[in-house]
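Open the model in your viewer and keep the selection tool to hand. The tour goes from the whole chain to single residues.

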Amino acid sequence: MRDIDDLIEKKTGLSIEEAMSIDDTNLYKKLGEETFWKLSTIFYTKVFNDEELWFRNIFKNRSLEDAIQNQVEFFIQRMGGPSYFSHRKGHPALIARHMDFNMKEKAAERWLYHMKEALSEVPAIDEDSKKRMMNYFTHTAYFLSIGVTGQQEARRNESGNL
Ligand code: HEM
């Protein structure tokens, strides 16, 4: 994990401590469930209406309602609340769950662009919480991009050798 964390720090300027500072406080208790629903609803509404077709297309076979619910339940669980996501769907296994998608660095940047905008449109999220969440999202988006594209590449090479 060290190598990938170092690589992400080089790309984003964020140390692993900064990225995981969501764990130094209970954001679920601080912000409440309603706030997470607002955030994910605003985020995914932006994503599903993105003017950039290539990005919107990553989500084209999914329903807006399901995408919002999946994200809210995961965020609540990850940020100190009940394990709604795992009770309904099992282990988060984020890399495996993103294997079928375009997860290139450009996609991570676009995901983060919408998330930053969404965070700024939820007044209930104070500046400190916003910063912690954005740091975590940034690290995780790059982590997923590097992890998923690496495995997709390995798969392509394997099938090329058959
Ligand atoms: C890097 C850019 C990203 C792209 C292009 C992307 C794309 C997607 C897509 C297409 C889905 C399926 C929508 C659904 O039906 O739920 C999804 C689901 C999900 N994503 Fe991402 N994602 C990205 C980053 C992230 C990040 C940073 C996180 C966590 C902080 C995250 C957490 C999740 C979760 C929890 C689900 C639901 C998985 C499931 O229920 O099976 N994603 N993502």
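Start with the cartoon view of this predicted model. The protein chain holds 10 helices and zero strands. Followed along the sequence, the pattern reads α-α-α-α-α-α-α-α-α-α. The radius of gyration is 16 Å, close to the 15 Å from the globule rule for 162 residues, so the chain is as compact as a globular protein of that length. Along the principal axes, the C-alpha atoms fill a box of roughly 50 × 35 × 35 Å.

Now colour by burial. Buried residues are 25% of the 162 in the protein chain. Then turn to contacts with a separation of 6 or more: 77% of them join residues 24 or more positions apart.

**Stop 1: the ligand**

Select the ligand and its surroundings. The shell has 23 residues. Which of them are the closest? They are Arg62, Asn70, Phe74, Ala108 and Trp111. Colour the shell by residue type: 14 are nonpolar, five are polar and four are charged. Next, show the helices behind the shell. Helix 6 (64-78), helix 8 (94-97), helix 9 (105-120) and helix 10 (127-160) each supply at least two of its residues.

**Stop 2: helix 9**

Select residues 105-120. Helix 9 has 16 residues and spans 23 Å from first C-alpha to last, close to the 22 Å expected at 1.5 Å a residue. Show side chains for Ala107, Ala108, Trp111, Met115 and Ala118, the buried residues of this helix. Look down the axis of helix 9: these buried residues fall within an arc of 100 degrees, so they line one face of the helix. Two of them, Ala108 and Trp111, you have already met among the closest residues to the ligand.

What do the buried residues of helix 9 pack against? Their partners are helix 4 (33-48), helix 5 (53-56) and helix 10.

**Stop 3: helix 4**

Move to helix 4. It has 16 residues and reaches 22 Å between its end C-alpha atoms, close to the 22 Å expected at 1.5 Å a residue. Its buried residues are Thr35, Phe36, Leu39, Ser40, Phe43, Tyr44 and Val47. Seen down the axis of helix 4, they fall within an arc of 150 degrees, so they line one face of the helix.

**Stop 4: Tyr28**

Select Tyr28, which sits in helix 3 (residues 27-31). Buried, partly exposed or exposed? Tyr28 has 19 C-beta neighbours inside 10 Å and counts as partly exposed, because a buried residue needs 20 or more. Draw a distance from Tyr28 to Phe75. The C-alpha atoms are 8.7 Å apart, though the two residues are 47 apart in sequence. Beyond its neighbours within four places in sequence, Tyr28 is in contact with Ile76, Met79, Gly80 and Gly81.

**Stop 5: Ala93**

Last, select Ala93, in the loop between helix 7 (84-89) and helix 8. Check its backbone: phi is near 35 degrees, a positive value in a residue other than glycine. Most residues other than glycine have a negative phi. With 10 C-beta neighbours inside 10 Å, Ala93 counts as exposed.

Terms used: Residues numbered from 1 in each chain as written. Predicted model: local features only at pLDDT ≥ 70, side-chain atom pairs only at ≥ 80, totals over all residues. Near = placed C-beta within 6 Å. Helix = DSSP H or I, 4+ residues; strand = E, 2+ residues; numbered from the N terminus. Nonpolar A, V, L, I, M, F, W, Y, C, P; charged D, E, K, R; others polar. Rg over C-alpha atoms; globule rule 2.2 N^0.38 Å. Buried ≥ 20, exposed ≤ 12 C-beta atoms within 10 Å, placed from the backbone. Contact = placed C-beta atoms within 7 Å. Expected span 1.5 Å × (residues − 1). Arc of directions from axis to C-beta.
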